[in-house]
Amino acid sequence: MDISSAKTSYNVLTYGARPDGKTDSTQAFQDAWAAACGSTDSTMIYIPKGRYLLGAVAFTGGKCRSPAITIRIDGTLIAPEDYRILGRARNWLSFERVSGVSIVGGALDAKGSPLWDCKANGSNCPAGATTLSFVNSNNIRIDGLLSLNSQMFHVVINGCQNVQVQGVRVIAAGDSPNTDGIHVQLSTDVVITNSSIKTGDDCISIGPGTKNLWIERVRCGPGHGISIGSLAKTTEEPGVQNVTVKSTIFSGTTNGFRIKSWARQSTGFVRAIRFIGATMINVRYPIIIDQNYCPHNLNCPNQVSGVQISDVMYQNIRGTSATPVAIKFDCSSKYPCTGIRMQDVKLTYSNKQARSTCTNAIGKTSGQVQPDNCL
């Protein structure tokens with residue numbers, strides 16, 4: 001929605017918000033939301049320049065009368081200094097059952113680093129909050145947002161339809177735990193474009209029940225790459241289908257394109273996946289399917305993955321691997337990966353030839369494929 005077309009504007013300052021970074025403005029934001037919701041017009045909530053201290057806050061729809069609410073942020077929203085305040089909440093800013101909400105501009109500073117330090121020292125730490133969460137919502141837009149130092153995930157899209165994310169920047173330390181950039185699950189028709197993600201976990205993670213996801217012109221690194229999974233967390237699980245990732249750059253990441261599932265029974269599946277046009281710069285595992293996923297080798301299920309992976313295409317992927325094995329397909333012995341296609345792939349390891357390894361993977365190659373294909 002064009003900003004100027006919002007008929008009625010609600011400035012958070014008129015509801016008592018203070019741009020001083022010290023006064024708790026949570027109630028003012030909730031009051032502005034209630035007013036915008038109650039209007040029958042398209043509305044805008046305006047957050048002028050300045051720093052606004054906010055605790056955990058849920059913006060709920062359901063009873064909203066406004067067909068479209070644009071939240072225009074010219075300032076920075078900041079979390080409380082004491083990480084335990086947010087740390088006990090699941091989300092910092094959550095939108096639940098809303099429709100037609102756009103977030104334009106602004107910065108969210110979750111001040112997550114003291115919590116990361118706590119976790120690194122293994123003391124009694126809260127799990128941490130997701131910075132921005134949309135649940136069971138539709139017709140959502142996030143445009144030009146900066147997310148800094150989230151405690152846990154930066155942005156979560158869960159159970160949503162028709163979501164556009166563009167021009168988003170995510171920044172957190174490369175060793176910050178569980179700080180996925182954008183996580184999508186149980187959602188349909190999501191588009192993520194023109195974004196830069198630097199974080200300590202997956203730049204984009206794609207969970208069960210994701211369908212029709214388009215990712216284009218995303219730069220990732222540091223981080224753990226773009227990952228489908230981990231899948232087979234539970235035995236009953238919806239699949240992932242129709243995902244396209246185009247024109248991406250991975251720099252110094254642990255993975256490039258990754259599909260991962262735990263080795264246990266599952267109704268899950270992965271199909272119709274397109275990885276097209278990527279540059280890998282010193283990536284540890286540029287192309288990987290891991291159906292024996294078990295981080296830190298703790299409590300591994302040690303079964304066989306029931307997730308069926310089929311129709312996955314890798315096309316026009318170039319660059320450098322940080323390890324000798326640039327392509328690794330470790331698929332399920334019960335349900336081998338089928339329909340893997342590789343076309344015009346050139347990956348090298350420190351100016352030498354890289355290697356590929358395949359277990360239970362069936363497919364074909366066309367054009368030039370380096371390292372030599374093991375399919």
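Is His-224 buried, partly exposed or exposed? His-224 counts as partly exposed, because its relative accessibility is 25%. The cut-offs: buried is under 20% relative accessible area, exposed is over 50%, and partly exposed is in between (1.4 Å probe, protein chains only).

Before you click on, two notes. This is a predicted model, in which local features need pLDDT of at least 70, side-chain atom pairs count only at pLDDT 80 or more, and totals for chains, interfaces and linings use all residues. Residues are numbered from 1 along each chain as its sequence is written, and side-chain values use heavy atoms, with hydrogens and water left out.

**Stop 1: His-224**

Select His-224. An unreviewed UniProt entry places the feature "active site" here. UniProt positions follow the numbering used here, feature names are shortened, and annotations may be inferred rather than shown by experiment. His-224 sits in the loop between β20 (211-220) and β21 (226-231). Strands are DSSP runs (E, at least two residues), numbered from the N terminus.

Now show its contacts (heavy atoms within 4.5 Å). Not counting residues up to four places away in sequence, His-224 touches Gly-200, Asp-201, Asp-202, Cys-203, Thr-254, Asn-255 and Arg-258. Draw a distance to Gly-200: its backbone oxygen lies 3.1 Å from a polar atom of the His-224 side chain.

**Stop 2: the largest pocket**

The largest pocket has a volume of about 910 Å³. β17 (182-185), β21, β23 (255-261) and β25 (285-290) each supply at least two lining residues. A pocket here is an open set of points on a 1 Å grid over the protein atoms alone, where a 1.4 Å probe fits, with protein on both sides within 12 Å along at least five of seven lines; lining residues have an atom within 4 Å of a point. The volume is the space filled by probe spheres set on the points.

**Stop 3: Ser-150**

Move to Ser-150, in the loop between β13 (146-148) and β14 (155-158). Ser-150 is buried, because its relative accessible area is 0%. Beyond its neighbours within four places in sequence, Ser-150 contacts Ala-110, Gly-112, Trp-116, Thr-131 and Thr-179. Gly-112 is 38 residues away in sequence, yet 5.0 Å away C-alpha to C-alpha.

**Stop 4: parallel strands**

Finally, colour β5 (residues 57-60), β8 (residues 91-96) and β11 (residues 130-135). β5 and β8 run parallel, joined by four bridges. Five bridges join β8 to β11, also parallel. Strands pair if DSSP finds at least two bridges between them. Find Thr-60 opposite Glu-96, then Asn-91 with its bridge partner Thr-130.

Note on methods: Polar contact = N/O pair within 3.5 Å; in protein donor to acceptor, adjacent residues only side chain to side chain.
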